[in-house]
Structures are given as structure tokens and as C-alpha cells.
Amino acid sequence: MLLEVNELAVSFGGVQALNLQHFQLEDRELRVIIGPNGAGKSTFMDILCGKTKPDTGSIVFNGKPTRGLTEVQIAEMGIGRKFQKPSVFPGLSVYENMLLATRMKKDVFTSLFSRMPAGVQEKIEAMAERVGLTSALHKQAGALSHGQKQWLEIAIVVLQDPRLLLIDEPAAGMSDREAEKTGELLLELSKQHGVIVIEHDMHFVKQIATKLVSVLVNGKLLMEGPFEEVKNDQRVIDCYLGRVNAQLEKL
Ligand SMILES: Nc1ncnc2c1ncn2[C@@H]1O[C@H](COP(=O)(O)OP(=O)(O)OP(=O)(O)O)[C@@H](O)[C@H]1O
């Protein structure tokens with residue numbers, strides 16, 4: 001098991017944001033987490049990467065407990081997080097952004113201007129190929145399309161060689177074609193990494209949920225199952241009145 005979580009809870013000002021009895025993820029499993037706004041999805045990822053400290057509970061990653069560790073220590077253990085908010089350096093090229101990612105432990109100046117260890121260039125070129133950014137390698141990151149920026153963000157996390165990737169709403173704001181390409185990329189990445197994806201777009205969920213979908217509601221796990229089972233579950237449908245419900249009916 002790559003990740004095992006038990007009795008994980010956190011409250012903010014008396015409001016319980018998360019109260020997760022149990023969650024587990026196998027190595028090289030891609031799990032999608034869905035749930036209405038305020039369900040605790042981002043809070044769960046924030047706790048997994050050490051950004052938020054839980055009140056109670058245990059998290060065992062790759063056989064080792066992570067509670068009490070800092071964000072940096074957790075990242076070094078192999079949990080990589082891609083946030084919804086862009087975090088690339090817009091004034092640097094795609095290549096330079098990727099180079100920085102391979103050398104995160106050094107400062108920006110040293111990373112960009114010191115001698116490059118053997119194999120780094122090849123690693124960056126292979127990653128650019130994987131995320132479809134080969135022809136944009138020397139473009140400024142700030143000039144990329146929204147979809148390309150998201151792929152660069154994913155590449156930056158993957159270049160740090162995490163065992164587990166946490167990805168928050170990767171398809172938000174993308175065209176259908178970009179979302180589809182992103183889905184293909186995540187499926188490909190899950191051959192080498194554990195991947196947890198938070199997503200609202202049900203077409204995208206359908207594409208990538210080849211195994212299990214976890215549904216969070218009010219901080220609790222409502223159900224877990226294959227996409228077909230989840231989308232037909234009355235409790236899930238009831239939680240998704242409105243926009244997402246309409247999407248579910250079309251699938
Ligand atoms: N730092 C914080 N301080 C106070 N309350 C918070 C904080 N972070 C989250 N919350 C609250 O915790 C609950 C869960 O929020 P969270 O952002 O995890 O939900 P979510 O499922 O990711 O929602 P969305 O789909 O809208 O992103 C919400 O009631 C939210 O207002």
C-alpha cells in the first residue's frame with residue numbers, strides 16, 4: 001500500500017472540514033476524489049502534503065508516518081502537489097522552469113547558472129515530450145496557453161520524482177481537447193506514480209477513473225466505487241443537484 005490514512009480529522013473555528021475514517025491508495029493507482037464545494041477535498045490534499053496540520057489521525061506513506069513532518073520533509077519523502085493556482089515563473093522559459101524543478105534544493109541563480117549534471121537535459125527533453133511541450137521548450141512560460149501552463153505545472157511536479165502526485169482540478173478552464181490530453185497524461189503517469197486527482201468535471205472523471213472514485217461530502221467519505229456505480233448512486237446524485245447533476249445524467 002502506498003498510502004494509508006485513518007481517523008483523519010481537522011476543524012477550523014469549530015467547523016469540521018474533514019473527518020475521514022479510512023482512505024487507502026495502492027502504488028500506481030489513480031484515484032479521483034469528487035464532492036460538492038466545501039466537502040473537504042482540498043483540505044485532505046493540504047493535510048497529505050503537510051500544508052495543514054490535522055487535529056487527529058494517522059497517515060502512513062510508503063510505510064512511514066508523515067504526521068508532524070514539515071511540507072519540505074513530506075515532499076522529500078515523495079509526495080508532490082500540484083496546486084490549482086499557477087506557480088510557474090512566467091518570465092522564464094519552459095526549459096528553465098523545468099530545469100529549476102530538477103534542482104529544487106538549490107537557489108534559483110545556482111540552479112540556472114551552475115554546471116548541469118549529466119542527463120538533466122535529456123530528462124527535461126523527455127518530460128517535455130511526455131507533456132506535449134517539445135515545440136514550446138524555449139517559449140516564455142507566461143506566453144503559454146492555459147492548457148500548456150497546466151502541463152508545465154504537472155511536469156514540474158513529476159520532475160521531482162514523487163511516488164505520489166496530488167493534483168487539484170487539472171482540467172479546470174481547459175478546452176475539451178486540452179482536458180482529454182490531460183486525462184491521457186494522467187493515465188500515463190499512473191503507470192509510474194500513485195495519483196490522486198480532485199475533479200469536478202464529470203466527463204473528465206469518466207475518462208480517468210479507471211479504478212475507484214471516492215466521494216467526499218461534508219468532510220466525510222460518502223462512498224467509494226467504480227465510476228459507473230458512483231454516478232448511479234442516489235446519495236451521490238442528491239449531493240450534486242444542479243450543474244453536476246445535469247452532467248451526470250448525460251453520461
Ligand atoms: N484555512 C481554512 N480556514 C477556515 N476554514 C477553512 C480553511 N480551509 C478550508 N476551510 C473550510 O473547510 C471546509 C472544506 O473546504 P475545502 O476547501 O477543503 O473543500 P473542497 O471540497 O476542496 O471545496 P471546493 O470544491 O469548493 O474547492 C469548508 O467549509 C471551508 O470553508
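Two strands count as paired if DSSP finds at least two bridges between them. Strands (E, at least two residues) and helices (H or I, at least four) are DSSP runs, numbered from the N terminus.

With that in hand, strand β4, residues 56-61, is joined to β5 by two bridges, and the two run antiparallel. Within that pair, V60 stands opposite P65 of β5.

A word on the source. This is a predicted model, in which local features need pLDDT of at least 70 and side-chain atom pairs count only at pLDDT 80 or more, while totals for chains, interfaces and linings use all residues. Residues are numbered from 1 along each chain as its sequence is written.

Back to the sheet. It is open, has four strands in the order β2-β1-β4-β5, and its pairing is antiparallel. β2 (15-25) and β5 (64-65) are the edge strands; each has a single partner, so one side of each lacks a neighbour in the sheet. Helix α1, residues 41-48, packs on this sheet and touches β1 (3-12), β2 and β4. Contact here means C-beta atoms, placed from the backbone, within 7 Å. The direction of α1 makes about 65° with that of β2; axes are lines fitted to C-alpha atoms, for helices over the stretch in contact, and angles run from 0 to 180 degrees between N-to-C directions.

Next, the ligand. Which residues are around the ligand? They are F12, V15, A17, G35, N37, G38, A39, G40, K41, S42 and T43, the criterion being a C-beta atom, placed from the backbone, within 6 Å of the molecule. β2 and α1 are the elements that give two or more residues to this shell, and α1 has the largest share, three residues.

Now the domains. The assignment, automatic or from a database, gives domain 1 (1-78 + 162-251) and domain 2 (85-161). Across the boundary, 12 residues of domain 1 are in contact with 11 of domain 2. On the domain 1 side, β7 (164-168) and α7 (176-189) give two or more residues each, and α7 gives the most, five.

Last, the core. A nonpolar core is a set of buried Ala, Val, Leu, Ile, Met, Phe, Trp, Tyr and Cys residues joined through C-beta atoms within 7 Å; buried means 20 or more other C-beta atoms within 10 Å of the residue's own, with exposed at 12 or fewer and partly exposed in between. The largest core has 69 residues, of which L152, A155, V197 and V205 touch the most other members. Helix α6, residues 146-158, provides the largest share, seven residues. Both domain 1 and domain 2 supply at least three residues each to this core. Setting aside neighbours within four places in sequence, V205 is in contact with V32, I34, E199, V213 and F227.

Methods
Two residues are in contact if their C-beta atoms, placed from the backbone, lie within 7 Å.
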